[in-house]
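Trainee: Could you walk me through how to read the backbone and overall features of a model like this one?
Mentor: Gladly; let us look at it together.

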Amino acid sequence: MQNPPGTTGHGWLVKVSSRIARPDPTACPTHLRTAVRPLLTADPPIPFRPAPREEFGPGPLFAALDLWEHDDWPLERVLDELRGVHGSFRGRSAPAHPALLAWTVEALDRYVAARSAEQGAARAAGLPPTLPVRLSWTVRTAKREAPDARGARQYQHTTWGRQYASADGSVRDLWIPSLGRAKPDRAAAEKAAVAYVVALGAPVPRQRRGTEPPTDATDSSRPPERVRVFDFGCADGNVTPLLDWGQAEMRQQFADHAAPAFHKAATAVGRRPGPSCVECKAISQCGALRRTPGLWGGVPGAPLRRRRSVSVWDLRLHSECPAQYHLVRQLHLDDLTTENGGARRGRAVDAWLNERHGVRPARGCRDLPVPDASSIPPGLALDATLGRAAVRMMERHRALCPLNGIGPHEKVLVQHPVTAYVPELDVVVLAVPDLVYSHRGRLIWRETKTSSRPLFEGHSLMRAYPQLALGVLLFSAGALDTDPRRSWIEFEFLCEDRASCRLERIDPSRPENVAEAREVIAGLAQPLLDDTSYEPRTGRHCHSCQARTWCKPGTAYVADHPQTAPGPASLGTDTDRAAEEGSCRA
């Protein structure tokens with residue numbers, strides 16, 4: 001199998017982690033095929049660019065657990081070391097954000113308690129205790145003389161988590177951390193891939209990136225009789241048993257679910273621009289990814305950072321509070337704060353619109369049944385007040401629906417991802433319009449916003465809703481493969497009150513609109529790209545921040561500023577922002 005354009009090196013080693021088996025409809029086939037071949041590298045090569053802050057949320061937690069489980073450090077000493085070195089144990093990583101350190105302290109305490117409780121329950125059930133295993137379990141085949149149909153001569157299988165085994169080797173456990181709640185289950189292919197490594201893997205030293213593995217196979221002559229995998233919720237301390245299998249069950253599950261997923265990843269062809277572009281080795285020669293140099297006129301940061309993605313949600317969060325962006329968007333911390341009513345209502349309306357606009361053949365909402373409480377999709381429970389508000393907003397949309405009277409040959413794309421690459425910044429731009437549709441040769445980008453209050457007159461829509469500005473720039477730069485003179489951006493504003501609903505149009509071919517859009521996005525993006533510390537910036541957004549529990553300034557702000565009833569309507573209220581994130585997830 002030939003190397004994809006934009007890569008160089010050898011493709012005979014296929015190394016798959018259990019995460020590769022996890023279903024991901026946004027994954028790019030070419031990225032998957034190159035990602036599972038560690039000896040393939042980007043051409044031209046991409047230099048290593050260290051991060052100013054730790055960017056792997058569980059990193060300090062795992063390093064702390066290593067000292068406790070493998071080096072027998074008392075917990076108090078581990079915690080003292082954690083604080084003293086800012087999470088960078090033995091200089092192995094970048095310093096951690098203070099809030100990540102606070103999160104790690106709590107997660108470590110929860111993990112120790114959960115592990116102790118589970119082992120107590122296991123002993124009561126007659127199971128032998130399991131002890132920490134230092135080296136990572138790996139399944140490796142012997143290196144063949146000739147490649148197989150996939151071009152591979154050797155395979156490696158890995159997983160991640162905290163490893164434990166009984167003294168007699170009959171039982172092996174794996175604990176996988178989730179940064180929020182413990183997951184109630186995982187995809188069948190992922191579970192089978194994890195169990196395969198736990199059941200047949202041998203403890204092997206970590207290899208340096210880009211080095212060839214030994215040519216011999218790992219030893220699986222004494223496999224465990226029983227394999228158990230648990231999901232641990234770092235934020236709630238709960239533990240979910242994911243599987244408890246013997247060898248026969250593991251092999252059947254692997255053959256049925258994991259093996260097909262790995263085969264698909266190793267042989268995948270085609271290109272799908274999106275989040276995969278951030279890590280892709282073949283980006284330099286990807287013809288499917290639209291290049292948009294100078295999209296907003298940004299300048300590379302100093303020092304240079306590794307490739308990143310930028311979305312409107314990123315820009316909005318960072319503009320509110322850099323710490324919130326780092327902790328929530330980059331590290332994915334979640335203190336399980338309940339979403340406010342505006343956000344829940346916005347998600348319900350968004351899901352309803354997506355469902356109706358996805359009907360094929362396409363039909364306008366005016367021709368579909370009148371919405372009622374039963375129209376709200378399952379899983380988005382609203383109380384009676386919010387439910388009535390959502391229904392009224394859906395009723396208001398029927399008159400504004402862009403698909404009313406749509407022709408049978410027009411294009412309708414719901415939540416269609418738009419991806420662009422800014423080469424001088426090494427930044428992947430990600431946008432997901434609520435709806436993209438065609439009308440008599442024109443291509444139209446529709447964004448929908450819900451709010452409990454009317455718009456303020458005289459405010460710039462693009463400054464208030466940066467997704468509109470980004471849409472203008474992407475149209476203007478040709479990222480949607482259409483002439484901006486035959487395109488426009490639509491902004492649909494839904495309220496319960498019919499008189500407050502609005503439908504605005506922005507022409508992406510007008511120079512003054514492009515100039516304003518560039519100013520808006522540059523003003524948001526440059527501070528984000530230059531940031532190396534992610535300092536907290538307190539404000540009303542602290543009340544709904546998913547990482548506030550571990551942020552001292554945010555916690556102090558909320559204590560000093562109890563949340564009260566919202567004041568006069570504005571374009572930048574926290575409620576509006578939360579609703580927008582639910583209904584306009586760019």
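This is a predicted model: local features need pLDDT of at least 70, side-chain atom pairs count only at pLDDT 80 or more; totals for chains, interfaces and linings use all residues.

Mentor: Residues are numbered from 1 along each chain as its sequence is written, and side-chain values use heavy atoms, with hydrogens and water left out.

Trainee: How many helices and strands does the protein have?

Mentor: Helices (H or I, at least four residues) and strands (E, at least two) are DSSP runs, numbered from the N terminus. Here there are 15 helices and 20 strands. The radius of gyration is 26 Å, close to the 25 Å that the globule rule gives for 586 residues, so the protein is as compact as a globular protein of that length. That radius is taken over C-alpha atoms, and the rule is 2.2 Å times the number of residues to the power 0.38. Along the principal axes, the C-alpha trace spans about 75 × 60 × 50 Å.

Trainee: What percentage of the residues count as buried?

Mentor: Buried means under 20% relative accessible area, exposed over 50%, and partly exposed in between (1.4 Å probe, protein chains only). In this protein, 52% of the 586 residues count as buried.

Trainee: And how should I read the contacts?

Mentor: A contact means heavy atoms within 4.5 Å. Among contacts between residues at least 6 apart in sequence, 74% join residues at least 24 apart.

Trainee: Now the backbone: which peptide bonds are cis?

Mentor: Most residues other than glycine have a negative phi, and most peptide bonds are trans. In this model, a cis bond joins Asp43 and Pro44, with omega about 5°. Pro44 sits in the loop between β3 (40–42) and α2 (59–69). The bond from Arg360 to Pro361 is also cis, with omega near 0°, and Pro361 lies in the loop between α9 (341–357) and α10 (384–400).

Trainee: Is Asp426, with its positive phi, buried or exposed?

Mentor: Asp426 has a phi of about 55° although it is not a glycine, and it is buried, with a relative accessible area of 12%. Its loop runs between β15 (418–422) and β16 (427–431).

Trainee: Where is Tyr534?

Mentor: Tyr534 is in the loop between α13 (511–530) and α14 (552–560). Tyr534 has a positive phi of about 55° and is buried, with a relative accessible area of 1%.
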